[in-house]
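Dear colleague,

My notes on what was found in it come after that, arranged by topic.

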Amino acid sequence: MPSTNIEDFRLVLSNARNILVVSGAGLSAASGIATFRGQGGRWRKYDASILATLAAWHENQSRVWQFFHYRREEVRSKRPNDGHYALARMCIPKWRQVVAPNATVTHVTQNIDGLCLEALNELSTTSGEQPDGTVIEMHGNLFDVVCNAFDCDYRAKNMDYPICPALEGTEAIVAAGHVEPVVRRADLPHCPKCQQLLRPDVVWFGERPKQIQRILEAADSADLCLVVGTSSLVQPASKLPERVRLNGGKIAVFNLESNTNHSNEADFEFVGPCESELSQILGL
Ligand code: BV8
Ligand code: ZN
């Protein structure tokens with residue numbers, strides 16, 4: 001049975017040498033971004049996870065780009081919440097040294113909203129301190145694009161609104177009850193380098209997560225894993241805490257609900273909204 005004792009947790013935290021944080025959609029819920037288990041799991045009449053696949057992309061690039069255009073614009077105005085800032089403080093020496101003086105911190109997020117990095121960059125700027133922890137967006141970022149051509153290396157951050165004129169207003173057309181528009185391939189985003197189609201630079205189901213070797217190394221050297229706001233259903237992210245435990249490390253779960261996939265094997269479980277729980281329990 002996991003402990004809920006904050007003092008015991010903070011003692012483990014203060015002795016930790018390498019901390020792995022694995023976060024999911026629950027971390028961004030308080031920022032107004034729906035979780036996949038919530039209504040974020042559906043878009044128009046589609047199951048979001050079906051659209052986040054290579055098969056969907058090959059079958060209907062117009063629909064997949066409309067989906068990602070919608071999510072880009074959903075996320076664009078969203079801001080980090082206190083949960084993001086608490087984890088960002090774990091990556092900046094002046095705060096981390098207070099609670100985990102001897103620890104390296106690697107924060108692997110499944111989220112593609114960019115809010116973990118935004119919070120870290122913001123705190124680094126305002127504190128004037130360079131982070132000594134790392135944030136890895138293992139499933140990519142909504143505002144990154146990559147060329148669809150196998151022989152072109154173009155990839156870039158693209159904050160354009162809209163990412164291409166033809167996608168603007170597609171959501172409103174469907175919301176008004178009209179048939180889903182078909183955006184011609186020629187009018188979808190194209191690579192400035194080779195003129196082939198661009199795709200969102202996110203990791204779809206069946207695709208290799210980003211920086212997976214680095215992530216596995218961080219898991220193998222971790223003696224503490226914080227599992228924050230994730231249903232732990234998607235691999236390989238969901239297998240990382242177990243990897244830490246098998247190496248003798250400890251697991252602390254932070255989730256709105258109890259009995260998530262890792263609760264029974266967790267050493268600590270803190271049930272509640274991470275946007276308020278995290279900073280309070282971390283002592284940051
Ligand atoms: C891979 C980007 C090989 C895109 C995402 C059978 C057939 C085919 C494949 C598989 C299969 N079995 C397993 C697989 C592998 C597959 C997989 O796991 N499928 C699942 C469905 C079974 N995985 C893959 O394909 C991965 N690739 O395995 O490649 C490989 C592996 C290693 C090395 C080399 C090669 C790629 C998976 C990536 C998919 N892309 N996102 C996009 O978003 O469009 S996944 C997407 O869904 C998210 O990124 C995230 O990972 C996942 C959603 O999960 P959560 O983040 O946990 O969100 P969820 O809503 O589920 O839960 C929210 C939680 O928060 C809840 O617990 C809730 O209680 C809590 N919460 C809510 N509010 C709060 C809160 N907690 C605290 N505070 C709150 N306020
Ligand atoms: Zn190209």
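Gln195 is found in the loop that runs between α8 and β8 (198-202), and although Gln195 is not a glycine, its phi is positive, at about 70 degrees. Please keep in mind throughout that this is a predicted model. A second residue of this kind is Arg44, which lies in the loop between β2 (42-43) and β3 (46-47) and has a phi near 50 degrees, again a positive value in a residue other than glycine. Arg44 is partly exposed, with a relative accessible area of 21%. As background, most residues other than glycine have a negative phi, and most peptide bonds are trans.

The bond from Tyr161 to Pro162 is cis, with omega near -15 degrees, and Pro162 sits in the loop between β7 (155-157) and α8 (170-175). The bond from Gln235 to Pro236 is cis as well, with omega near -5 degrees, and Pro236 has its place in the loop between β9 and α10 (240-246).

An N or O atom in the side chain of Thr230 is 2.7 Å from an oxygen atom of ligand 1, a backbone N or O atom of Arg37 lies 2.8 Å from an oxygen atom of the ligand, and a backbone N or O atom of Leu256 lies 3.2 Å from a nitrogen atom of the ligand. Taken alone, ligand 1 exposes 1,500 Å², of which the protein buries 76%.

Lastly, helix α1 (residues 6-15) has Phe9, Val12 and Leu13 as its buried residues. Seen down the axis of α1, these buried residues fall within an arc of 100 degrees, so they line one face of the helix, while Glu7, Leu11 and Asn15 are exposed on the other side. The buried residues of α1 pack against several elements, including β1 (18-23), α6 (93-99) and α11 (274-282). At the N-terminal end, α1 is capped by Asn5, with a side-chain oxygen of Asn5 lying 2.9 Å from the backbone nitrogen of Glu7.

Technical notes. Residues are numbered from 1 along each chain as its sequence is written. Chains are lettered from A and ligands numbered from 1 in the order in which they are written. This is a predicted model: local features need pLDDT of at least 70, side-chain atom pairs count only at pLDDT 80 or more; totals for chains, interfaces and linings use all residues. Side-chain values use heavy atoms; hydrogens and water are left out. Buried means under 20% relative accessible area, exposed over 50%, partly exposed in between (1.4 Å probe, protein chains only). Helices (H or I, at least four residues) and strands (E, at least two) are DSSP runs, numbered from the N terminus. The arc is that of the directions from the helix axis to the C-beta atoms. Contact means heavy atoms within 4.5 Å. A polar contact is a pair of N or O atoms within 3.5 Å; within protein, one must be able to donate a hydrogen and the other to accept it, and residues adjacent in sequence count only if both atoms are side-chain atoms. Accessible areas come from the Shrake-Rupley method with a 1.4 Å probe; for residues, only the protein chains shown count as cover.
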